[in-house]
Amino acid sequence: MVTYTLKRLGAALLTLLIIMAITFFLMNAIPGSPFLTEKSTPQQIALANAKYGLDKPLIIQLKNYVVNYLKGDLGTSLKMQEGTPVRDIIFHQGKFVLSIKLGLISLAVAVIIGIPLGCIAAYNRGTWLDGFLRVMTTVGVAIPGFVLATLLLASLAVKLHVLPTNSGQLTDFKSYIMPILSMSFYYVCYVAKLTRTSMLDAINQDYIRTARAKGVKTKMIVLKHALRNSLIPVITYLGPVTAGIITGSFVVESTFQIPGLGKYYVQCVMSRDYPVIMATTVVLSALVIFMNLVVDIAYKIVDPRITLTNKED
Amino acid sequence: MADFSKISPFQVDPSAIEEAMGLTAEDFAPASEGEKESMVEKRKSVSYWRDAARRFKANTVSMVALFIFICCLIFAFIGPKLIPYSYGDQYRSSLKLGPREYSEGEALIQSASSYFDGFYASGLQAGSITAVMKGDHYITYKGNKYGFTQEQNEEGVIIGIEKSTGNLVKVYEKDVDPATGAVNKVTVLSEGPSEPAESADELKTVKSVFPHIFGTDSVGRDLMARTMYGARVSILIGIMAALIVLIIGSIYGAISGLAGGTLDFIMMRIVELIYSIPEVLIVLLLQVVLREPLQEWIDHSGSSLAQAAGALGSGIICIFITFALLYWVTMARIVRGQVLQLRKQEYVTAAIALGAGNKRIIKRHLLPNCVGALVITTCLQIPSAIFLESFLSFLGLGVSAPMASLGSLCSDALQTITLYPYRLVYPAVILTIIVLTLNLVGDGLRDALDPRLKK
């Protein structure tokens, strides 16, 4: 277990390093300089390049990035908030906290609502309730997040004026409803679908029949026997969900005007603020990779039958 | 158990074989006619595809989904030919119309349309019409040409065939009574057909003003035409991207699975690495990075490939490159898994024992057995590609104006959502229907092609 975790940690760091390299070379492939404006002279650009170390060979620049990142120095912004340390922009201006808050709540909603819905559907198989839930989840996974976000905005905020159009800093409960709903609806539906399928699988197993024969109550059968076994595919799915929720945050933060990391990332990619792009990519990637790691380990805890070292074959 | 130890490989004694295997000499006699007949097929065996088609047809949900998806295809591919508007034309007099609304000029012409038998109205055409001043024009009616000269900057003019006389006439919009549609003043241009100049341009005529069923946008483009066009772009991107994924993923996966050993190990580590990269971040970066060099290449390289790319636009090419770089890994994993699983099957071992080469094994055994999984994965890849494209277009990184995709239409609509919420509804609903039906068709295909997967 410890060896496995260490191995995975090493692989995760390697992935992060490669992502840094890809991002770095991609950014340098963008034609033009970040300092190029209508007024700037070649001398000014050269000076600015020298100041930020952009005149050195690419490989040295990359090395400097990696070394500085290991020290916890994420560089300073070149354009959007010139001179401000990137670390302050990401962590101290509330952007990171906002995005993490949104992401974690959405993830929690997906699990807390999705799993019970799946169980209810499986236990009422063939009834109108199951039919309704099946239609809802099938349609739910076909609605793109931004469509749901904009439709909610158009109906609840613009037409009915029940909720605010601008969620801003997410200060009150009302401002949470639409962002969370549009971010998590897809995943609620997907998790419910998955849970229903694997629950039906589990219900037909012999040990459930045994438990029933022993006289265990239905509630206990669901909670103790069936659910635990049907959670495995759901957990496997939670890794990709994290990546998906980051995608969702790009759309949701832009639509509801929440000044989080997702909205900021789109802006800084467009304005070519190299250090900020790099830092944001690394922070977001680290988040996704970390979640995948957690999921893989949780997987092992839930189902000891899985051997982690050889899961390919 | 037969005792084979009595059989020596060097001295074969028939009686020893017979004794060891419990066979007699009679067992080696040729089959009689009666015995042969019992082996003849009574019924033609059902082929894999026929069997799958039967299963698919029995699945009501998938059949309905397929029908609706075909309707979407007709809407996207045949629809634009049926309506007189095009996705890029701007109608200056018809800005910001609601669904099925006519602009003032259109309403006027519509009310006068009972007077004409096929007409051309300058007020209906795109804003560029005053620039088309080559001198002579003509309209065609019942196979006959009617030539005339349109004067410079003559707007608000209807030229058409008068119903009562069959003459080519000119009517100013101001001479039409908006309430009754009665025409007060008519100028006869020619009685009967007339020969136009050789260089004359044909002007398209219509019988009545076609309504803007979905309304128009802020620069006067017909939204239905744009939605049809957008649906076409989205579907094509989805299919192309799925094909790219299919080709790269299946070749990579097949090589990895067949080669085995160190090569397989390295190839799979690469797949794992790409798999753990948060693709959306890289996609966004790629979109920004690739756009300018691509545009440069399209503008300056004269090759036919660059021209084809230019017709698509750099945004769409970026999406394809992204798919080619990042999205094939799932397909590669599935194909590799299939190949590994099939390679261990007894019939493959038997084929190898009978001396079949690699080529024959791939062609006769591996490929036909993989096809089901390939079709299913490709089909389910299409909606996910449409999702990604619409997501990028929504953020303003996908297709570039005046082209449209369903995502960019939603994004445009978001700018004016407080005033014109219906502009969002049409593309959003069609996008959802396309993704939903494709998902359902994919599920149906999975049940039909791979019954083992069905629970």
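Trainee: How many of the residues of helix 14 of chain B are buried?

Mentor: Please note at the outset that this is a predicted model. A residue counts as buried if 20 or more other C-beta atoms lie within 10 Å of its own. In helix 14 (residues 406-415) of chain B, eight of the ten residues are buried, so by this definition the helix is mostly covered. The buried residues run through B:Leu406, B:Gly407, B:Ser408, B:Leu409, B:Cys410, B:Ser411, B:Asp412 and B:Ala413.

Trainee: What covers the buried residues of helix 14 of chain B?

Mentor: The cover includes helix 6, helix 13 (358-394) and helix 15 (422-449) of chain B, and also helix 7 of chain A.

Trainee: How many residues does each chain bring to the contact between chain A and chain B?

Mentor: Chain A contributes 40 residues and chain B contributes 33 residues. On the side of chain A, at least two residues each come from helix 1 (2-29), helix 7 (145-159), helix 8 (173-203), helix 10 (218-255), helix 11 (261-271) and helix 12 (274-302). That side of chain A comprises 29 nonpolar, nine polar and two charged residues.

Trainee: Into which domains is chain A divided?

Mentor: Domain 1 covers 1-94 + 274-313, and domain 2 covers 96-259. Where these domains of chain A meet, domain 1 gives 13 residues and domain 2 gives twelve residues. On the side of domain 1, helix 4 (86-92) and helix 12 of chain A are the elements that give two or more residues. Helix 12 of chain A gives the most, with nine residues. By class, this side of domain 1 has ten nonpolar, two polar and one charged residues.

Trainee: How are two packed helices described?

Mentor: One states the angle between their axes and the distance between the axes. For helix 6 (residues 223-259) and helix 7 (residues 261-276) of chain B, the axes come within 7 Å and cross at roughly 145 degrees. The crossing of these two helices of chain B is left-handed. B:Tyr252, B:Ser256 and B:Ala259 of helix 6 meet B:Gly261, B:Leu263, B:Asp264, B:Met267 and B:Met268 of helix 7. This contact has five nonpolar, two polar and one charged residues.

Trainee: In which sense do strand 4 and strand 5 of chain B pair?

Mentor: Strand 4 (residues 157-162) and strand 5 (residues 168-172) of chain B pair in the antiparallel sense, over five bridges. B:Ile159, for example, has B:Lys170 as its bridge partner. The two strands form a hairpin with five residues between them, and B:Gly166 in the turn has a positive phi of about 80 degrees.

Definitions and conventions
Residues are numbered from 1 along each chain as its sequence is written. Chains are lettered from A and ligands numbered from 1 in the order in which they are written. This is a predicted model: local features need pLDDT of at least 70, side-chain atom pairs count only at pLDDT 80 or more; totals for chains, interfaces and linings use all residues. Two residues are in contact if their C-beta atoms, placed from the backbone, lie within 7 Å. Helices (H or I, at least four residues) and strands (E, at least two) are DSSP runs, numbered from the N terminus. Ala, Val, Leu, Ile, Met, Phe, Trp, Tyr, Cys and Pro count as nonpolar, Asp, Glu, Lys and Arg as charged, and the others, Gly among them, as polar. Domain bounds come from an automatic or database domain assignment. Axes are lines fitted to C-alpha atoms, for helices over the stretch in contact, and angles run from 0 to 180 degrees between N-to-C directions. A crossing is left-handed if the near helix is turned anticlockwise from the far one by less than a right angle, and right-handed if clockwise. Two strands pair if DSSP finds at least two bridges between them. A residue is buried if 20 or more other C-beta atoms lie within 10 Å of its own, exposed if 12 or fewer, and partly exposed in between; C-beta atoms are placed from the backbone.
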